[in-house]
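Please report on the fold in this entry.

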Amino acid sequence: MRRRTGLAIAGVAALAWGEWLNWRWSRALVGSGGGTSAAVVVLGYRSPEVTANLINRWRVRAGIRSIVADGAHGTCVIFSGGATSSGATEAQLMAGYAKSVLAFDGTVLLEDQSATTWENVTNVIPLLEDVDRIKIASQPAHALKARAYLRRQRPDLAERLVRADDYRPGEWMVVKPLLALYGLWTLRGLKAEERKVSL
């Protein structure tokens, strides 16, 4: 009985830790923003399939609900991601899902050359020059990594970053501890990169 109680407490603690860490990451390196124009950058995930996979579908939904969250009119969605083994690009697969399944009829731009998160950020910069508010939608740790890269590449544009609606309490709750562990590993690598740059 005690063992089961201990396991239950450990499970609840792990879920709470995963929630808290993802919540925290979703609010890091963002401001309140101002102005009327906005862009939501949806980062792609490598997929061998001919349609958007589970992760890309979720990222598209998070990107689109990020528009609805602040009621901005004329917000464009930028799908970013390069070629997959199926021949189509991540950007094309995500845009196809947004239009055909979610019936999204807003402005869509494609960035279809990127193979890494660094390249995602580099290649969308020309599309962000004239917008007042920038949102990056992905899993919270991945979006935070992209925001940190934007701060490195274009600090002036990073000042326009605002929060995307890519964290919701209870969403993906069971896997959030795993996402948190992966995020810690990913962000540790980011800190190591920053130390090398500062040397």
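Which residue stands opposite Ile134 in S4? Ala39 does. The model is predicted, so local features need pLDDT of at least 70, side-chain atom pairs count only at pLDDT 80 or more, and totals for chains, interfaces and linings use all residues. Residues are numbered from 1 along each chain as its sequence is written, and side-chain values use heavy atoms, with hydrogens and water left out.

## The sheet

Helices (H or I, at least four residues) and strands (E, at least two) are DSSP runs, numbered from the N terminus. Two strands pair if DSSP finds at least two bridges between them.

Strand S1 spans residues 38-43 and pairs with S4 in the parallel sense. Five bridges link S1 and S4. S1 also pairs with S2, again parallel and over five bridges. Here Leu43 stands opposite Ser80 of S2. S2 in turn runs parallel to strand S3 (residues 107-111), with five bridges joining S2 and S3. Leu109 in S3 is the bridge partner of Ile78.

| Strand pair | Sense and bridges |
|---|---|
| S1 and S4 | parallel, five bridges |
| S1 and S2 | parallel, five bridges |
| S2 and S3 | parallel, five bridges |

S2, helix H3 (residues 90-100) and S3 make a right-handed β-α-β unit. Right-handed means that, with the strands pointing away from the viewer, the path from the first strand over the helix to the second runs clockwise.

How many residues of S2 are buried? Five of the five are, so S2 (residues 76-80) is largely enclosed by the rest of the structure. Buried means under 20% relative accessible area, exposed over 50%, and partly exposed in between (1.4 Å probe, protein chains only). In a regular strand the side chains alternate between the two faces of the sheet. Cys76, Ile78 and Ser80 point one way from S2, while Val77 and Phe79 point the other way. All of these residues are buried.

Strand S4 (residues 133-137) is mostly covered, with five of its five residues buried. Both of its faces are covered. Arg133, Lys135 and Ala137 are buried on one side of S4, and Ile134 and Ile136 are buried on the other.

## Cavity and pocket

Both searches use a 1 Å grid over the protein atoms alone. A cavity is a set of points where a 1.4 Å probe fits but cannot get out. A pocket is an open set with protein on both sides within 12 Å along at least five of seven lines. Lining residues have an atom within 4 Å of a point. Grid points are joined across faces, edges and corners, and a volume is the space filled by probe spheres set on the points.

The whole structure holds one cavity of 30 Å³ or more. About 80 Å³ of space lies in the largest cavity. Its lining includes Asn22, Trp58, Asp166, Tyr167, Arg168 and Glu171. By class, this lining has five nonpolar, two polar and four charged residues. Ala, Val, Leu, Ile, Met, Phe, Trp, Tyr, Cys and Pro count as nonpolar, Asp, Glu, Lys and Arg as charged, and the others, Gly among them, as polar.

The largest pocket has a volume of about 700 Å³. It is lined by 28 residues. Tyr45, Arg59, Thr117, His142 and Tyr182 lie nearest its centre. H1 (2-26), H2, H4 (117-128), H5 (140-153) and H7 (176-198) each supply at least two lining residues. H7 gives the largest share, eight residues. The pocket lining divides into ten nonpolar, 13 polar and five charged residues.

## Single residues

Is Arg65 buried or exposed? Arg65 counts as buried, because its relative accessibility is 13%. Arg65 lies in helix H2 (residues 54-70). Contact means heavy atoms within 4.5 Å. Not counting residues up to four places away in sequence, Arg65 touches Trp58, Asp165, Asp166, Tyr167, Arg168 and Glu171.

Leu29 sits in the loop between H1 and S1 and is partly exposed at 31% relative accessible area. Ala103 is in the loop between H3 and S3 and counts as exposed at 57%.

Ser85 is in the loop between S2 and H3. At 64% relative accessibility, Ser85 is exposed. Ser85 and Pro48 are 37 residues apart in sequence and 5.1 Å apart in space, C-alpha to C-alpha. Ser85 touches Ser47 and Pro48, not counting residues up to four places away in sequence.
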